[in-house]
Amino acid sequence: MKSNKQRRAEIKAHRLARAARVEAQPRVSNRQSGVCLSVLGIERADLDVLGRYNNTCVPPPEFYFARPFTCRDCGAEEIWTAKQQKWWYEVAHGHIDSRAVRCLACRRARRERLRSVGPGANLLGEQTNRLRALGRARPNEKAVAEVEAALQSKWWSLRVVAIQTMARWGDAEQVERLKAMVAARPADGRRYWSWERVAADAAMCALIRRE
Ligand SMILES: [Zn+2]
């Protein structure tokens, strides 16, 4: 049997060994850990900023994680990235309970609808409905020309409907064009807000729905 003295010595040695192990672990600075986190798609929240601007009893998040969501308007599967969340809550001071509910194309469409006033205010809505109606019938030359024109529209949302219409028709030539759009998708991070990216995602969704 061990004496009390022996036991105390063992406990002390054990503690020293543990302290040495902790000491030996690589120190990670806040800056470095920030870089590691962003590689994982995680952003550290600035609790100071959140505390100043968010008047709520809900405790603010310590980190932002990428959140998948389904677009309320078109049903596209989208990711609300940690970076976008940080911007939304800390720069735009969005309410802490607010969440992304629409994809980029539908957000733009909504903004365009809300912004358009005066004569032709509902032009976008009318053109959108027309294009959708074209997709329900076999295409003729005139319909194809309208879709081509819509693909050049200043309204991205109308271009997206044109892509959906092409997918509904599903002619081999149009399917090939949609596949080319998907293939031309810019890498994530590069030109994130470009039309090419929106077009590629819209084309992919439209093609998947056809299958
Ligand atoms: Zn959408």
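Figure 1. A residue counts as buried when its relative accessible area is under 20%. Ser157 has a relative accessible area of 10%, so Ser157 is buried. The model shown here is predicted. Ser157 belongs to helix H8, which covers residues 156–169. Leaving aside residues up to four places away in sequence, Ser157 touches Ala105, Ala109, Glu112 and Leu124.

Figure 2. From the N terminus, the order of elements is α-α-β-α-β-β-β-α-α-α-α-α-α-α. The chain has 211 residues, and 34% of them are buried. Take the contacts between residues at least 6 apart in sequence: 54% of these join residues at least 24 apart.

**Figure 3. Four cysteines hold the zinc ion.** The protein donors are the SG atoms of Cys71, Cys74, Cys103 and Cys106. These donors lie 2.3 to 2.4 Å from the zinc ion. In sequence, the donor residues follow the spacing C-x2-C-x28-C-x2-C. Cys71 lies in the loop between strand E3 (67–70) and strand E4 (77–80), while Cys106 lies in helix H5 (residues 104–115), so the pair ties together parts that are 35 residues apart in sequence. Both Cys71 and Cys106 are buried.

**Figure 4. The zinc site is tetrahedral.** The angles among the four donor atoms run from 104 to 115°. For four tetrahedral donors, the ideal angle at a metal is 109.5 degrees. Four donors count as tetrahedral if all angles lie between 85 and 135 degrees, so a range of 104 to 115° qualifies.

**Figure 5. A nonpolar surface patch is formed by Trp87, Trp88 and Val91.** Together, these residues have about 320 Å² of accessible area. Trp88 is placed in helix H4, residues 82–91. Its relative accessible area is 31%, which makes Trp88 partly exposed.

**Figure 6. Arg130 and Glu146 form a salt bridge between two helices.** Side chains of opposite charge can pair when their charged atoms come close. The structure holds ten salt bridges. In the bridge between Arg130 and Glu146, the N to O distance is 2.5 Å. Arg130 lies in helix H6 (residues 123–135) and Glu146 in helix H7 (residues 141–151), so this bridge ties together parts that are 16 residues apart in sequence. Both ends are partly exposed: Arg130 has 45% relative accessibility, and Glu146 has a relative accessible area of 23%.

**Figure 7. Glu146 also meets Lys142 in a salt bridge.** Here the N to O distance is 3.9 Å. Lys142 and Glu146 are both in helix H7, four residues apart, so about one helical turn separates them. Lys142 counts as exposed, at 59% relative accessibility.

**Figure 8. Glu148 and Arg177 link helix H7 to helix H9.** Their side chains form a salt bridge, with 2.5 Å from N to O. Glu148 lies in helix H7 and Arg177 in helix H9 (residues 172–183), so the pair ties together parts that are 29 residues apart in sequence. Glu148 is partly exposed at 31% relative accessibility. Arg177 is partly exposed too, with a relative accessible area of 32%.

**Figure 9. Four charged side chains form one salt-bridge network.** The members are Glu78, Arg185, Arg197 and Asp201. Salt bridges that share partners join them.

**Figure 10. Arg52 is exposed in helix H3.** Helix H3 covers residues 47–53. Arg52 has a relative accessible area of 58%. Arg52 and Glu90 are 38 residues apart in sequence. In space, the two are 9.7 Å apart, C-alpha to C-alpha.

Definitions and conventions: Residues numbered from 1 in each chain as written. Predicted model: local features only at pLDDT ≥ 70, side-chain atom pairs only at ≥ 80, totals over all residues. Heavy atoms only, no water. Buried < 20%, exposed > 50% of the residue type's maximum accessible area, 1.4 Å probe, protein only. Contact = heavy atoms within 4.5 Å. Donors = N, O, S within 2.8 Å, 3.2 Å for Na, K, Ca; no water. Tetrahedral: all angles 85-135°; square planar, octahedral: opposite > 155°, others 65-115°. Patch = residues over 30% accessible without salt bridge, like charges linked within 9 Å, V, L, I, M, F, W, Y side chains within 5 Å. Areas by Shrake-Rupley, 256 points an atom, 1.4 Å probe, with all protein chains shown as cover.
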